[in-house]
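Hi,

Here is the structure I promised to pass on to you. Have a look at it first, and then read on for what turned up in it.

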Amino acid sequence: MTSVNDQILAEAARWHIASGDDAMDWDAFTIWLEADPRHSAAYDEVALADGVLQEHRATLQDSAPDTAGKVVPLTAVNDALSRDTAPGPAGGGAEIVRPAFGKRTRWAGMAIAATLAAVLAVPQFMAPAAQVYETTAVSRKIALEDGSTIVLAPRSNLTVEGRHQDHMALSGGALFDIRHDPDRQLTITAGGLDISDIGTRFDVQAQDKLVRVGVVEGKVEVRSGSLAAPVQLVAGKGLSFDGRAGTASVAAVRSEDVGAWQKGRLSYDNAPLALVVTDLRRYAGAEVAVPDALSDRRFSGTLVIGDGDTALRDLAQVMGLRLGGRAGAWRLEQPAR
Amino acid sequence: MESGEYGDANGLVRLLDVHRPELMRFLTARCGSADDAEDVLQEMWIKVSGQATGPITNGRAYLFRMANNLVLDRARGRRRSMQRERVWLEVEGGGVAHMPEDRADPGEPADEILAREQEAEVLRDAIASLPEGAQRALRLYRFEDIGQKEIAEIMGISRSGVEKHLALAMKRLRQALADCGAFGAVASEEHGEQGGGKPRMEQGR
């Protein structure tokens, strides 16, 4: 046994142990596998040995001296390395349609790039913990390691994951300014939509299953299980998605309106009142209730956020509605005629 | 995909689609061949489209783990059939290699049972000769089903200490099994000095 092989086996064993943990860094593991074809074989042997051990568990356990002392097994809680592949057989009689998986040429380039990268990659066994950013009344600027920036809107929540900070989940609003990096594709999950991008400037507003995406520069791709096909959005286009109805529409947006919440303005073109109110809650801190009968009324125009209640009064006035209730618990009402 | 539902299975299928390039890349590196990688990916697709799951906190990790386990299942199957053939050859051929197809039906594989007893024996010895810390961590992990975090607490050491113990244990177990030919000739080629001679199970102890 040479020392190189010994080294590979030691690394393989560490990866195998790490894979039993939720924090396993699968991207780094991929790079390690790509770095040398012997790595995968070594990993197989280690994992198989562990499998053989578990097959003989009953036999070996009986004869085991009790080195563990008086430990109560925490069986239900802690089977960290779940050996289940996928629970259950495929389909209860459901028709199975095979999708056409992507062309090979596509990853061939990636694999080469990754092999080059692997030379520099230091095995990193735990993915960095997800970073969670949460804002209250004020927005916050987030700088990513590659120089990209994100301005997270007030009362919003952004989770950043992945070794390359390339997996994000957003609830609320954010303006993304992402640097182009051919090796990385950023994916943002927001209210049932997956938004992918490679270097661009765009704004996302997501509340429950209502999502709006506006693109200022570059191009993004938007996918969802309820959309028949991915939608490409270029600069100057915006998408409104309603995950409950499963509908999406694309319309032109003015680039000065995209992310204008940063400058204290909210602009709408034929937006449902429910959505405008959601924004006022987020950006102006104005709590206002809208009766169901009014929630689909449409609003076009620009609101200046100001102190919140002002924007609300403007909205009510433009829409011909009455502002009832009191500060902190406003209510938009249809005035009696 | 065209349906407007957000069922769990549906969500996983969508997630599989989103992460397909990364999974493909991982599987290609893991299987060593693009064809095998595509096969596994198809298998995953079939599994997730027919599957109703409970809530999954980290879907991406779930899919990678599923991919990894499917590859391992295949390797396990290969190893078992290889081992079976070898045992038959040794028992029936009396040292002369026959193709498995040539020999008579072996009936109930008593020889396999024997091989498995030897396997257990090899593991028992390997565990017994582990350093104390590694041995204890391994027993807790694999025989008591205790997670790595809790083992760290029980043993009063750090998480990475537990990882090191367990990795050492795994490496030694693999070594013990490899030394008695558990991974077959193909695997031993990978390990320089060990290659050459036909690996055999150790006889009686």
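**What I found**

The crossing of helix 6 of chain B and helix 7 of chain B is right-handed. Please keep in mind as you read that this is a predicted model.

Let me stay with that pair for a moment. Helix 6 covers residues 132–143 of chain B and helix 7 covers residues 148–155 of chain B; their axes come within 10 Å and cross at roughly 135 degrees. That angle makes helix 6 of chain B oblique to helix 7 of chain B. Which residues of the two helices meet? From helix 6 of chain B they are B:Arg136, B:Ala137, B:Leu140 and B:Tyr141, and from helix 7 of chain B they are B:Ile151, B:Ile154 and B:Met155. Sorted by class, this contact has six nonpolar residues, no polar ones and one charged one.

**The rest of chain B**

Chain B has nine helices and zero strands, so its pattern along the sequence reads α-α-α-α-α-α-α-α-α. Of its 205 residues, 37% are buried. If you take the contacts in chain B between residues at least 6 apart in sequence, 56% of them join residues at least 24 apart.

Helix 2 (residues 20–31) of chain B and helix 3 (residues 34–49) of chain B have axes that come within 8 Å and cross at roughly 125 degrees. These two helices of chain B are therefore oblique to each other, and their crossing is right-handed. On the helix 2 side of chain B, the contact is made by B:Leu23, B:Met24, B:Leu27, B:Thr28 and B:Cys31, while helix 3 of chain B brings B:Ala34, B:Asp36, B:Ala37, B:Val40 and B:Leu41. By class, the residues of this contact divide into eight nonpolar, one polar and one charged.

**Over to chain A**

Chain A has seven helices and 18 strands. Buried residues make up 36% of its 337 residues. Among the contacts in chain A with a separation of 6 or more, 44% are between residues 24 or more positions apart.

Now for the packing of helix 6 of chain A with helix 7 of chain A. Their axes are 11 Å apart and the angle is about 165 degrees, which makes helix 6 of chain A roughly antiparallel to helix 7 of chain A. This crossing is right-handed. The contact is made by A:Leu273, A:Val276, A:Leu280 and A:Ala284 of helix 6 of chain A, together with A:Ala311, A:Leu312, A:Leu315 and A:Met319 of helix 7 of chain A. By class, it has eight nonpolar, no polar and no charged residues.

Start with A:Trp26, in helix 2 (residues 26–35) of chain A. Is A:Trp26 buried or exposed? With 23 other C-beta atoms within 10 Å, A:Trp26 is buried, because 20 or more are enough to count as buried. Leaving out residues up to four places away in sequence, A:Trp26 touches B:Phe26, B:Ala61 and B:Phe64. A:Arg163 is 137 residues away from A:Trp26 along the chain, and their C-alpha atoms are separated by 9.4 Å.

Then try A:Ala137, in the loop between strand 1 (131–134) and strand 2 (140–143) of chain A. A:Ala137 is exposed, with 9 other C-beta atoms within 10 Å. Apart from neighbours within four places in sequence, A:Ala137 is in contact with A:Pro154 and A:Gly285.

Enjoy exploring!

Methods
Residues are numbered from 1 along each chain as its sequence is written. Chains are lettered from A and ligands numbered from 1 in the order in which they are written. This is a predicted model: local features need pLDDT of at least 70, side-chain atom pairs count only at pLDDT 80 or more; totals for chains, interfaces and linings use all residues. Axes are lines fitted to C-alpha atoms, for helices over the stretch in contact, and angles run from 0 to 180 degrees between N-to-C directions. Helices (H or I, at least four residues) and strands (E, at least two) are DSSP runs, numbered from the N terminus. Angles under 35 degrees count as roughly parallel, over 145 as roughly antiparallel, 65 to 115 as roughly perpendicular and the rest as oblique. A crossing is left-handed if the near helix is turned anticlockwise from the far one by less than a right angle, and right-handed if clockwise. Two residues are in contact if their C-beta atoms, placed from the backbone, lie within 7 Å. Ala, Val, Leu, Ile, Met, Phe, Trp, Tyr, Cys and Pro count as nonpolar, Asp, Glu, Lys and Arg as charged, and the others, Gly among them, as polar. A residue is buried if 20 or more other C-beta atoms lie within 10 Å of its own, exposed if 12 or fewer, and partly exposed in between; C-beta atoms are placed from the backbone.
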